[in-house]
Amino acid sequence: MRKRTLVMLVVLASFAAVGLWLKQNYWTDHLLRMSHQKDLAKVSCSNCHLVRTARLPWAKARPRHDSPAGLAVSPDGKRVYIALDDRDEVAEADTVSLRVLRRAKVAGRPFGLALDKEGKQLFVTCRDGDRLAVLDTQTLQETATISVGMSPVAVAFCRTVAGDRLVVANSMSDDISVLSVSPLQELGRPAAGREPFAVAVTPDGSRAFVANRMVRLVSVKTVPASEITEIDPVKARTVTREALESAHLSEAICAVVGRSWMLTPLVKVRNLVPITQVANGWVMSSGLAISDVATGKVIQMPLDEANDFFADPSGIVVDPSGKRAYVASGGGDVVTVLDLDLMASWLAKADAATRQEAIYDLSLSPQYITARIPTQRNPKQLALSPDGGTLFIAERLQDSILVVDTKSLAAQGRIVLGDGGLNDPIRRGERVFTTAGYTFQHQFSCRSCHPDGHVDGLSYDFDTTGIGDNLLDNRSLLGVAGTEPFKWSGKNPSLEVQCGPRFAKVLMRTDPIPEKELLDLTTFIKSLPPQRVMARSADGKLTSTQERGRAIFFATKTSTGKEIPHERRCSTCHRPPLYSVRLPFEVGSGGMFDTPHLLGLADTAPYLHDGRALSLEEIWTLYNTNDLHGVTSYMNKIQLNDLVAFLKTL
Amino acid sequence: VKTNGHFAISAFCAALLALSNFGCDKSVPPGTLVLTESPARSASSAPADILDLRYPAGSRVVLLYPPYGGGRIQVLSAGLAAAGGPVVSYDGRSILFVGKARSTDDWQIYADDVAEGHFQALTSIPGGAMNPALLPNGDLVFVSPVPKTTETNSPQHRSELFTQPPGGRPQQLTFGSLGIADPTVLSDGRILFVAEDRPGGSTLFTINNDGTEVTAFAAPMASVGTIRQPRQSDDGRVLFLVPTTGGNSFPCGFAKSVRMARPFQSLAPLFPNVTARIRSMQPAGNGELLVCAEGSARPSLTLYRVSPRAADFGAPLFAAPEWDCCEAAEVTPHPQPMGRLSTVDLTKQTGKILCLNVNFSDDSPHHSTPLATQIRIFAEPSPGNVCVLGEVPVQADGSFLAEVPAEVPLGFEALDGNGAVVRREAPMLWVRPGENRACVGCHEPPNRAPRNHRPLAVSVPVPCLSLAKARLAKKKAD
């Protein structure tokens with residue numbers, strides 16, 4: 001017995017000795033050699049190994065909900081059609097009994113809806129299917145389909161002199177599909193701004209206007225602007241591209257009968273001003289762009305009040321008389337009622353300079369806002385009955401449609417689509433993510449900078465270390481599970497730290513989100529998958545260009561055969577499958593920064609910690625002159641294009 | 001046997017526990033009010049301070065139980081020479097009020113636990129404390145010292161705002177040259193208070209709960225005069241009183257309101273058809289107000305429950321012979337305001353001030369004011385002792401940025417190219433340690449959101465202005 005114990009002890013001691021020797025002579029050396037970190041305290045095996053995307057929360061199945069997206073009301077006002085993108089369904093409900101009559105399966109995440117003039121055909125954009133489906137409203141069955149651009153989210157029907165047309169906003173390919181209805185074919189695909197998200201047509205059908213959600217890519221210290229793209233639906237061509245200065249996240253647009261106006265809700269952003277405070281709309285506020293189609297002039301008007309804000313303006317509708325508009329506030333859980341006569345009256349009295357300054361005057365809105373209709377969680381899309389007497393409000397995270405009588409502004413009832421999903425922590429977390437209720441004066445929500453969990457394409461100036469030059473590029477939350485630490489400095493070890501007290505102190509300027517809600521919030525964020533890949537072929541295989549780029553990405557030698565130092569190889573820091581070893585590196589941009597993951601990279605411009613690189617190409621053509629961000633100086637333009645082509649497939 | 005024994009002991013303990021709780025629920029019945037009552041015929045001794053005026057000797061804080069006609073009351077401030085100004089905690093379980101143990105003592109703030117039925121002093125600050133309010137985290141807010149009747153608005157005896165955590169020491173929140181009174185906590189977590197910033201006039205200001213971001217909330221009301229008791233109502237307004245009489249009795253007045261949505265442009269009378277003068281008003285449930293107003297006979301002050309849009313006050317809710325009902329509040333839980341994490345860094349002694357465009361001013365459109373090229377910043381570390389901290393350049397876009405000493409009143413002068421003052425701000429603002437304070441312009445229109453541009457001042461070295469250097473320079477100059 002004693003002998004056996006002795007042997008065991010000797011064996012254990014030998015293992016320990018070998019372990020110690022390995023640590024001293026191999027392991028530490030391995031860590032130093034492979035991680036290129038001076039401080040190994042935060043380096044572990046999992047930085048490079050043991051990562052399996054299949055185990056990450058976003059790779060797992062999640063509960064589906066009856067979240068209403070697009071709405072369309074039949075010409076006789078008896079039916080309302082509701083896109084249920086999370087269910088791959090379109091529902092038809094009776095506007096009197098407020099009951100769902102039937103549902104139809106429509107594959108590919110049906111999102112935007114439009115009816116033809118007679119109400120016989122329902123056109124459905126399928127956001128993940130990259131197609132437009134046509135449903136017969138008699139049978140609610142799909143009768144036709146056509147491929148459009150990537151991620152179509154909105155469609156408008158218009159009757160033109162050349163026949164019926166459909167105008168489709170393709171949010172990921174940044175273009176607009178113009179289709180003829182009969183035959184159903186694409187006539188053209190003019191370019192839009194960045195992330196076209198909503199379409200409206202003039203009452204005479206001669207023009208279509210497309211609101212774009214993200215700002216155009218401009219230098220990081222330049223005042224950003226999104227765009228309203230004017231389209232000729234007959235010729236399928238772009239007519240004008242109107243800039244909305246310091247405005248973005250427009251998700252709806254609407255024509256006004258009797259006036260030459262297009263109305264676009266927007267977020268007025270102030271990303272260039274140091275975030276010393278949030279009071280008085282210092283970070284952002286909500287507004288409404290009035291585009292005068294006749295003159296081409298744009299006025300931005302505030303939707304907020306001096307001491308209360310109505311975050312994340314989304315859907316808009318205008319009644320048939322052109323006298324009243326309704327704007328949903330997704331973060332504020334209200335629908336704002338605007339008297340357009342009062343607004344026109346104010347505009348007529350104001351001089352040009354006062355009109356241009358209107359958006360900055362937070363006490364202006366009571367002069368034309370006549371009511372705020374409370375809703376349940378996350379009102380988004382709106383629709384009106386043809387006579388304007390009934391307003392339908394899609395309460396997206398409540399799984400219901402609130403029906404409001406527009407004379408009394410009283411709720412008539414709800415079309416109940418689902419149970420609200422409160423048993424699902426991901427759904428609960430999405431509610432936290434989209435509410436402005438945790439922010440000082442309800443000024444903004446998480447979603448205000450991360451629409452759909454993604455980026456707004458802006459850099460913000462945080463004042464955490466004092467007022468100065470602290471512009472930081474907004475990073476996508478899509479696919480962040482497993483990529484901790486967070487923040488460009490890599491200071492925050494978890495999403496709970498990132499979104500907890502730090503967020504409260506730096507941005508919300510309130511108490512932190514309560515622990516239970518914070519856990520739901522981080523569960524939601526972790527459930528967000530990476531952005532859909534833009535540049536992959538249908539079969540998932542790489543093209544020859546992309547294959548060449550892949551070889552460059554994993555290259556250990558330059559094209560002339562010279563060894564690339566390990567720390568300067570792309571795949572050293574951006575190691576698959578997340579394409580990040582989650583450690584800080586100096587890449588010549590002015591400090592040590594956390595290594596971002598590269599999943600969905602193509603759609604997250606601008607790049608680098610302060611957003612100085614407007615494109616992937618610029619990272620190496622403008623900001624990598626010393627080869628610190630990978631050895632790339634040997635590449636010719638074809639090789640660089642190959643590399644970029646590969647990166648866009650990640 | 002052992003198990004049975006444990007069971008018996010447990011049952012005995014449970015029974016004891018149940019018995020101890022039975023009949024011991026001391027929470028007050030719904031509808032209970034807390035009142036300040038003052039003797040209707042008080043002895044006319046010379047008041048030493050403004051609280052002596054407001055709450056003459058014998059004033060008391062009482063609970064009034066429903067039905068009010070029965071007049072069943074419980075005195076909460078028994079044993080104090082005078083008391084008043086009750087404030088109910090957000091959970092409805094405790095009541096704060098001001099009181100003085102003896103007539104010669106300073107006024108201090110007391111808390112009464114409604115369930116326990118006894119009070120204790122929360123403050124013992126020289127000069128006394130008044131106007132209690134509560135932050136959502138339970139910290140007490142109050143004003144100190146209590147102004148003497150002969151010293152109201154005196155710069156030598158400025159009242160400041162303090163906060164005090166439960167069981168902790170008072171911490172000063174305000175450092176300006178404003179005479180401060182009547183703080184209340186808005187639903188967004190800011191402290192709203194009255195600042196007597198000029199003779200016979202006052203302005204509503206807000207600060208955060210850590211003393212940062214002092215900001216004018218509503219228009220300077222030159223035509224209105226002194227204002228008192230601002231309160232946020234449920235219908236999105238701030239209500240306040242404008243006293244109409246002074247002298248030896250505490251003034252009553254008329255109620256006015258401003259809308260939160262448009263505080264600088266919406267001044268309006270609250271009860272335009274009511275002629276009775278009001279002593280106090282407090283939001284109650286259902287959007288109504290508890291109003292103590294003058295009647296035609298004794299007692300001179302009676303309690304009403306009215307809608308903010310009422311044409312008249314109707315019948316009194318409660319009146320007691322021999323007592324004036326001066327103040328009233330509902331003893332019930334009410335919504336807790338938003339909280340806020342402090343941004344103050346007490347390891348620092350300075351803060352920063354950023355102005356986006358000093359030439360953006362509400363007087364600019366109407367006057368051909370020369371453009372400012374320098375900003376002179378001065379401090380008033382003690383009343384009347386003003387010293388120039390230095391001058392900082394104004395950038396081409398009108399912006400300037402400066403590091404300034406914390407917790408002293410700061411004033412500003414915008415200077416044109418010839419060194420002439422084109423715009424002046426008296427020393428009434430301050431920064432807290434580590435605070436980054438910013439403004440859109442200099443005397444800019446209120447409730448103004450900034451333009452989205454990158455101020456040039458953030459790209460140049462920040463001038464650091466020191467009080468010590470300023471004092472030294474002043475000494476040399478003298």
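The structure is a predicted model, in which local features need pLDDT of at least 70, side-chain atom pairs count only at pLDDT 80 or more, and totals for chains, interfaces and linings use all residues. Residues are numbered from 1 along each chain as its sequence is written, chains are lettered from A and ligands numbered from 1 in the order in which they are written, and side-chain values use heavy atoms, with hydrogens and water left out.

**Where the chains meet**

Let's start with chain A and chain B. Here 47 residues of chain A are in contact with 35 residues of chain B, where contact means heavy atoms within 4.5 Å. About 3600 Å² is buried between the two chains, and carbon and sulfur atoms give 52% of that area. Buried area is the accessible area (1.4 Å probe) that two parts lose on being put together, summed over both. Of the area that chain A buries against chain B, A:N307, A:Y360 and A:I467 supply 19%, more than any other three residues.

What holds charged groups side by side here? Three salt bridges are found across this interface, each a side-chain nitrogen of Lys or Arg within 4 Å of a carboxyl oxygen of Asp or Glu. A:E357 forms a salt bridge with B:R448, and their closest N and O atoms are 2.6 Å apart.

On the side of chain A that touches chain B, helix α6 (residues 501-508) gives the most, with three residues. Helices (H or I, at least four residues) are DSSP runs, numbered from the N terminus.

**Cysteines without a bond**

How many disulfides are there over all chains? The count is zero, a disulfide being a pair of cysteine sulfur atoms within 2.5 Å.

| Cysteine | Nearest cysteine sulfur | Distance |
|---|---|---|
| A:C449 | A:C446 | 9.0 Å |
| B:C355 | B:C439 | 3.7 Å |

A:C449 is buried, with a relative accessible area of 15%, and B:C355 is buried at 2%. Buried means under 20% relative accessible area, exposed over 50%, and partly exposed in between (1.4 Å probe, protein chains only).

A:V7 lies in helix α1 (residues 2-35) of chain A. A:V7 counts as partly exposed because its relative accessibility is 46%. From A:V7 to A:D339 there are 332 residues in sequence and 90 Å in space, C-alpha to C-alpha.

Terms used
Helices (H or I, at least four residues) and strands (E, at least two) are DSSP runs, numbered from the N terminus.
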